[in-house]
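Take a slow look at the model below.

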Amino acid sequence: MKYRYAISTATGARKYNQDRAACMEGDQSVLLILGDGLGGHAGGDIAADLLVDTASRAFLKIRTPVISEPSLFLALILQHAHRAINSYARHSEENIDPRTTAVLCLIQNGYAYWAHAGDSRLYLFRNSSQLTRTLDHTGRDQARANPGGRNSYSGTGLFNCIGGNHRPQITLGPEIALQRGDRIMLCSDGVWQGMPTDEIVEYLYKEDLEAGTDEMLEEITRRHRKKCDNVTVLAFTWDDRSPPGQNMRHETIRDVPAEQVWQEVRESEIRMKKIMGHKPAKEAGAGISHADLSELDSVLSEVESFVKRLESQR
């Protein structure tokens, strides 16, 4: 795989930065992670930290070169991050209510898959034009996307996040075959609120990607000096000329309620058992086997002990 990435962040006019971002690199896959800790709830930075740590640990534990259930994998990460954040809050001696937005993007075999909760965004640009972006979990963006339709969310603000009393609604993006020169951008709301998309594109397409993202945030903070939010960008450029490999046939955007995530995991295991029959996993060609899903389940169940260790360090 040939690609480049850059991460830029700035505190803006806030007292401290609650945004977090990371890029995890494997031999044949990349995981992009971004979270924006909610400033209106104590412990937003903790929530964003736990999101990044949970996603990173899960990605590093996957041993198969290709994940055959990429969207399920991303949804499962967000579900476990939600549990980790709430567990941390329950065991904390401080009165905190940590919450965060979340955007994850997995790139493998020349395809991109993503999942999100909240109003941090993922954009995909092709030939300097916006191809698609995530739809914010806000009443305003939902109403704009469906004018005149029924909107079950009162108000215009944020109604969904990772952490808190309500189970998160997880939106899974479609499978997109990447083309050489495509740009993917994950960003906190301070970025898309602070600069029009047509200007953002100009910075993303600069020859030096890192310099471009740094300059973008400098301009946003200059324009909104007295009221600038935390601003964070994770920019990714696909430079590979190879045609995409095998797709996983995930063609539509889906909203996945949290209670369905575990059901999908179990159904996936059943499907893979049927595919494998009595054959060894290597002969099944299943990408991620029943054993791999069980391993992932086991790995992510370690979140509770990880949270306790993190708590003792703070």
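Which two side chains meet in a salt bridge at 2.6 Å, N to O? They are those of Arg 222 and Glu 219. A salt bridge here is a side-chain nitrogen of Lys or Arg within 4 Å of a carboxyl oxygen of Asp or Glu.

Before going on, note what you are looking at. This is a predicted model, where local features need pLDDT of at least 70 and side-chain atom pairs count only at pLDDT 80 or more, while totals for chains, interfaces and linings use all residues. Residues are numbered from 1 along each chain as its sequence is written, and side-chain values use heavy atoms, with hydrogens and water left out.

Stay with the helix that holds this pair. Helices (H or I, at least four residues) and strands (E, at least two) are DSSP runs, numbered from the N terminus. Arg 222 and Glu 219 are separated by about one helical turn, because they are 3 residues apart in helix H6.

Glu 219 has a relative accessible area of 16%, so it is buried. Arg 222 counts as partly exposed because its relative accessibility is 45%. Arg 223 is partly exposed as well, at 34%.

Another salt bridge joins the side chains of Lys 206 and Glu 215, at 2.5 Å, N to O. Lys 206 is partly exposed at 34% relative accessibility. Glu 215 is partly exposed with a relative accessible area of 32%. The structure holds 13 salt bridges. Some are linked: Arg 121, Arg 133, Asp 136, Asp 141 and Arg 144 form a network of salt bridges. Side chains of opposite charge can pair when their charged atoms come close.

Glu 207, Asp 208, Glu 210, Asp 214 and Glu 218 form a negative surface patch. Patches are made of residues with over 30% relative accessible area and no salt bridge, and like charges are joined within 9 Å. Glu 218 sits in helix H6, which spans residues 209-223. Glu 218 counts as exposed because its relative accessibility is 52%.

Now turn to the strands. On one side are Ser 29, Leu 31, Ile 33 and Gly 35. On the other are Val 30, Leu 32, Leu 34 and Asp 36. In a regular strand the side chains alternate between the two faces of the sheet.

Which strands pair with E3? Two strands pair if DSSP finds at least two bridges between them. Strand E2 (residues 19-25) runs antiparallel to E3, joined by 7 bridges. In one of these pairings, Arg 20 has Gly 35 as its bridge partner in E3. E2 and E3 form a hairpin, with 3 residues between them. E3 also pairs with strand E4 (residues 102-108), in the antiparallel sense, over 6 bridges. There, Val 30 has Ile 107 as its bridge partner in E4.

Strand E8 (residues 169-172) is covered as well. Gln 169 and Thr 171 point one way, Ile 170 and Leu 172 the other way, and all are buried. E8 is joined to strand E5 (residues 111-117) by 2 bridges, and the two run antiparallel. Ala 115 stands opposite Leu 172 in E8.

Next, visit a loop. Asn 127 lies between strand E6 (121-126) and strand E7 (129-133). Its phi is near 55°, a positive value in a residue other than glycine. Asn 127 counts as exposed because its relative accessibility is 64%. Ser 128 lies in the loop between E6 and E7. Ser 128 has a positive phi of about 65°, although it is not a glycine. Its relative accessibility is 40%, so Ser 128 counts as partly exposed.

Finish at the start of the chain. Lys 2 lies in the segment before strand E1 (3-10). Lys 2 counts as exposed, at 57% relative accessibility. Lys 2 and Thr 237 are 235 residues apart along the chain, yet their C-alpha atoms are separated by 8.8 Å.

Note on methods. Patch = residues over 30% accessible without salt bridge, like charges linked within 9 Å, V, L, I, M, F, W, Y side chains within 5 Å. Areas by Shrake-Rupley, 256 points an atom, 1.4 Å probe, with all protein chains shown as cover. Lys, Arg positive; Asp, Glu negative; His and termini not counted. Charge placed at Lys NZ, Arg CZ, Asp CG, Glu CD. Buried < 20%, exposed > 50% of the residue type's maximum accessible area, 1.4 Å probe, protein only.
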